[in-house]
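Here's a walk through a two-chain model, written for someone who likes cut-offs spelled out. Have a look at the structure first, then read on.

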Amino acid sequence: MFALRGRRNPSLHRPIIEDLEKKIQKIHLRVLFSQGTEMRLLTHNMLSSNIKGVTNGFPLRVEVEKMVEKQVDFNADFLKNMFTKIEWKALFDAAQTMGYTDLPAEAESSMLDSDEFLKKFHHALLELHLEEGALICPETGRRFPVNKGIPNMLLHEDEV
Amino acid sequence: MKLKQLESFLGDLQQFSNPKVELEQYPTGPHIASRMLYTAENSFGDVSNKVVADFGCGCGTLGVAAALLGAEHVIGLDIDPQSLEIASLNAEDLELDMNFVHCDVKNLGWRGQIVDTVVMNPPFGTRKKGADMDFLAVALKVASQAVYSLHKSSTRDHVRKAALRNFNASSAEVLCELRYDVQQLYKFHKKKEVDIAVDLWRFVPQKDKLGGIIADESLR
């Protein structure tokens, strides 16, 4: 910025300076709001406990120590496509555990015509993020810890 | 996004600081990674608006590429916590919202076929025999649409047979042959840089007749 001083027409450089200022602001914002990785409930909906001998390892119970909400772009087509693949009850329970109570306990495909429903579904599936806590095997009670948003699903030797 | 742009983003990613030879950790170069995901998106539509899993994601290059090309949900799996830490920093640097799971790809429990596309640069199985085939077997169970993977060209016949015969792929196609330049990462490498011929494969998993949901049992 300083190198630009003394030029004949400083207004010419205004866009450059504005651009720099924007970049600096962005860096500040990122330092303030940087949160690292977290786990979406969509990921929770696709994982199950695979410990030897466990016959029904789904759904993993969610234990929350810290959660965050993150804004994710809304994509209605993706949600409609996902709806058929999601276990609703597991999503509903996990969302409740995360403190989000606006989802209906039961859902059917006719609800996908409602924007209001889609927005709630979107929020629960993609915007509620687990940062610290655990996923717990429904059969054995084995804890899979979640640190910095990354669940540790590694099995011990005797569990494989 | 243009191919060149994608390649340049991937070129800026942080890579392994202490690669682990037992896990065959070789970074996936920006050249190969960008072409792999660019083809998956532009020739087959397997990336944007999809759920993409990166098996053995290492520092996250392929997963990041998927996210940059508009994948709706990207999940990176790796057994090495240090790699996952770098991968999540890489995602954060590009302001990408990715998920990671610390696990052994071979025995992670999945419910159903939510993943559309699996992308991977598996261990080639030179240290631990069959490691690449283990990855492929799981990928073909988990993905509902397609699996993109790199395998040494010298194993082409074996890979095709295994995919079609043992892992029930409905198709297995080599999209192109690439040169994988392995830089001298480990002490046992005698030459400074070695070119390995690798195939970029696209596999299509068998479509399940019951509407895409497979029982948990079949994933064990």
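## Where the chains meet

Between them, chain A and chain B bury about 3,100 Å², with 48% of it on carbon and sulfur atoms; buried area here is the accessible area (1.4 Å probe) that two parts lose on being put together, summed over both. In chain A, the residues losing the most area to chain B are Met46(A), Asn50(A) and Lys85(A), together 22% of what that side buries. This is a predicted model, so to speak of local features takes a pLDDT of at least 70 and side-chain atom pairs count only at pLDDT 80 or more, while totals for chains, interfaces and linings use all residues. Residues are numbered from 1 along each chain as its sequence is written, chains are lettered from A and ligands numbered from 1 in the order in which they are written, and side-chain values use heavy atoms, with hydrogens and water left out.

Going by contacts (heavy atoms within 4.5 Å), 38 residues of chain A and 33 residues of chain B take part. The rule finds 3 salt bridges across this interface, a salt bridge being a side-chain nitrogen of Lys or Arg within 4 Å of a carboxyl oxygen of Asp or Glu. Arg40(A) and Asp97(B) join their side chains in a salt bridge, at 2.8 Å from N to O.

On the side of chain A that touches chain B, helix 2 of chain A gives the largest share, 4 residues. Helices (H or I, at least four residues) and strands (E, at least two) are DSSP runs, numbered from the N terminus. That side of chain A divides into 18 nonpolar, 12 polar and 8 charged residues. Ala, Val, Leu, Ile, Met, Phe, Trp, Tyr, Cys and Pro count as nonpolar, Asp, Glu, Lys and Arg as charged, and the others, Gly among them, as polar.

## Cores and chain B

The largest nonpolar core has 68 residues, of which Phe121(A), Leu135(A) and Phe55(B) touch the most other members. Helix 5 (residues 131-142) of chain B supplies the largest share of this core, 7 residues. A nonpolar core is a set of buried Ala, Val, Leu, Ile, Met, Phe, Trp, Tyr and Cys residues joined through side-chain atoms within 4.5 Å. Buried means under 20% relative accessible area, exposed over 50%, and partly exposed in between (1.4 Å probe, protein chains only). A second, separate core of 36 residues includes Leu10(B) and Tyr180(B).

Chain B has 6 helices and 8 strands, and 55% of its 220 residues count as buried.

Most residues other than glycine have a negative phi, and most peptide bonds are trans. What about the bond from Phe58(A) to Pro59(A), cis or trans? That one is cis, with omega near -5 degrees, and Pro59(A) lies in the loop between strand 2 and strand 3 (61-69) of chain A. Two residues that are not glycine have a positive phi:

| Residue | Phi | Relative accessibility |
|---|---|---|
| Lys148(A) | about 50 degrees | 56%, exposed |
| Asn168(B) | about 60 degrees | 42%, partly exposed |
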